[in-house]
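User: I would like to go through this model with you, beginning with the strands and moving on to the spaces inside. Could you take my questions in turn?

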Amino acid sequence: MSDRYGSDVLAGDWRKPKNGRAVETPAELGAVVEEVETDFVGEIVRIDRDLHTLTLEDRRGKRRTFPLGPGFWLEGKPVILTPPVTRTAPAKPAKTASGSVAVSGVKARVARESRIFVEGRHDAELVEKIWGDDLRIEGVVVEYLGGVDDLADHLVSFRPGPQRRVGVLVDHLVKGSKEARIADSIRRSAVGKDVLIVGHPFIDVWQAVKPDRLGLEKWPSVPRSIEWKKGICQHMGWPHRDQADIARAWKHILSRVSSFGDLEPALLGRVEELIDFVTVDQ
């Protein structure tokens with residue numbers, strides 16, 4: 001005859017609850033749980049990490065808030081609800097302001113002999129802000145060029161060659177302009193094959209910034225009788241009495257630029273062309 005009570009009443013873990021011990025379980029939105037003291041059953045609709053609480057909503061739409069911790073049933077088993085596990089998405093490759101994949105842990109390359117000359121202080125600052133990281137990795141030095149009239153003298157001193165290429169970014173390089181005539185004469189010179197001169201069509205590099213970044217539909221038209229930058233400041237309601245006011249206006253415009261997406265393609269393509277020209281292996 002079998003002993004339905006067993007041969008030893010103390011055999012096994014007699015202290016173990018019938019439905020098992022509560023285990024820690026991360027609370028998840030959408031899970032249906034029961035709070036044992038109130039018998040309230042509902043779906044987890046909110047979890048507050050700061051207050052360490054969760055909110056349940058029953059099938060009638062009634063909501064109640066309880067502290068996270070022990071005292072819940074989930075799928076017929078006791079649980080200790082804990083804050084949800086934070087899932088960190090795989091890190092995406094960081095981008096530089098120019099849109100290139102950022103290279104971490106790499107020291108800047110020793111400066112190449114090749115150079116990029118940029119006409120205009122504002123132009124040089126914009127190039128540095130957007131392409132500075134890329135240029136340091138490539139070892140390309142950008143030099144400020146006061147005006148295209150000085151370019152020929154700069155090239156005589158620099159002595160361009162196959163291993164000392166020069167890329168030049170010029171303001172308002174349009175057909176028939178003084179800038180275009182100077183560029184053509186240098187292209188026909190003995191160093192022309194080692195010098196690439198490109199330019200943008202804008203009156204000033206300010207126009208290379210997309211106007212909507214400043215709340216404009218388009219850059220305003222300024223009469224020829226008014227200095228262009230002062231005319232822009234006047235239209236925007238900015239001070240424009242002296243060069244300090246113009247400098248502050250430019251700093252404001254530059255602050256609205258954080259990546260290549262804030263600039264017009266007509267400038268982006270020209271700068272990328274110059275970088276390729278001075279970094280290509282001969």
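This is a predicted model: local features need pLDDT of at least 70, side-chain atom pairs count only at pLDDT 80 or more; totals for chains, interfaces and linings use all residues.

User: How many bridges join β10 to β11, and which way do they run?

Analyst: β10 and β11 are joined by five bridges and run parallel.

User: What is the order of the strands in that sheet?

Analyst: The order is β9-β8-β10-β11, an open sheet of four strands with parallel pairing. β9 (141–145) and β11 (195–199) are the edge strands; each has a single partner, so one side of each lacks a neighbour in the sheet. On average, neighbouring strands are turned by 20° against each other, direction ignored.

User: And how many bridges are there between β8 and β10?

Analyst: β8 pairs with β10 (residues 166–170) through four bridges, in the parallel sense. Within that pairing, Arg 115 has Val 166 of β10 as its bridge partner.

User: Which helix packs on the sheet, and which strands does it touch?

Analyst: Helix α6 packs there and touches β8, β10 and β11. The direction of α6 makes about 165° with that of β10.

User: Back to β11. How many of its residues are buried?

Analyst: Five of the five residues of β11 are buried, which leaves the strand mostly covered. In a regular strand, side chains alternate between the two faces of the sheet. In β11 both faces are covered: Val 195, Ile 197 and Gly 199 are buried on one side, and Leu 196 and Val 198 are buried on the other.

User: Let us turn to Leu 274. Where does it lie, and is it buried or exposed?

Analyst: Leu 274 belongs to helix α6. Leu 274 counts as buried because its relative accessible area is 2%, and the cut-off for buried is under 20%.

User: Which residues does Leu 274 touch, leaving out those up to four places away in sequence?

Analyst: Leu 274 touches Ile 116, Gly 167, Val 168, Leu 169, Leu 196 and Val 198.

User: How far apart are Leu 274 and Val 166 in sequence and in space?

Analyst: They are 108 residues apart in sequence, and their C-alpha atoms are 8.4 Å apart in space. For the protein as a whole, 63% of the contacts with a separation of 6 or more are between residues 24 or more positions apart.

User: New topic. How many cavities of 30 Å³ or more does a search of the whole structure find?

Analyst: The search finds one. The volume of this largest cavity is about 40 Å³.

User: Which residues line the largest cavity?

Analyst: The lining consists of Ile 116, Val 118, Val 127, Leu 135, Leu 169, Val 271, Leu 274 and Ile 275. Two or more of the lining residues come from each of β8 (115–119), α1 (121–138) and α6 (265–279). Helix α6 gives the most, with three residues. Leu 274, discussed above, is one of the lining residues.

User: How does that lining divide by class?

Analyst: The lining of the largest cavity has eight nonpolar residues, no polar ones and no charged ones.

User: What about the second largest pocket: what is its volume, and which residues line it?

Analyst: The second largest pocket holds about 170 Å³ of space. Ile 203, Val 222, Pro 223, Arg 224, Ile 226, Glu 227 and Trp 228 line this pocket. By class, the pocket lining has five nonpolar, no polar and two charged residues.

User: Is His 122 buried or exposed, and which residues does it touch beyond four places in sequence?

Analyst: His 122, which is in helix α1, counts as buried because its relative accessibility is 10%. His 122 touches Val 205, Trp 206, Lys 229 and Trp 250.

User: And Glu 28, where is that found?

Analyst: Glu 28 is in the loop between β1 (23–26) and β2 (32–35). With a relative accessibility of 44%, Glu 28 is partly exposed. Its C-alpha atom is 9.7 Å from that of Leu 54, which is 26 residues away along the chain.

User: Finally, how many helices and strands are there overall?

Analyst: The protein has six helices and 11 strands. Of its 282 residues, 40% are buried.

Note on methods. Residues are numbered from 1 along each chain as its sequence is written. Side-chain values use heavy atoms; hydrogens and water are left out. On a 1 Å grid over the protein atoms alone, a cavity is a set of points where a 1.4 Å probe fits but cannot get out, and a pocket is an open set with protein on both sides within 12 Å along at least five of seven lines; lining residues have an atom within 4 Å of a point. Grid points are joined across faces, edges and corners, and a volume is the space filled by probe spheres set on the points. Ala, Val, Leu, Ile, Met, Phe, Trp, Tyr, Cys and Pro count as nonpolar, Asp, Glu, Lys and Arg as charged, and the others, Gly among them, as polar. Buried means under 20% relative accessible area, exposed over 50%, partly exposed in between (1.4 Å probe, protein chains only). Two strands pair if DSSP finds at least two bridges between them. Axes are lines fitted to C-alpha atoms, for helices over the stretch in contact, and angles run from 0 to 180 degrees between N-to-C directions. Contact means heavy atoms within 4.5 Å.
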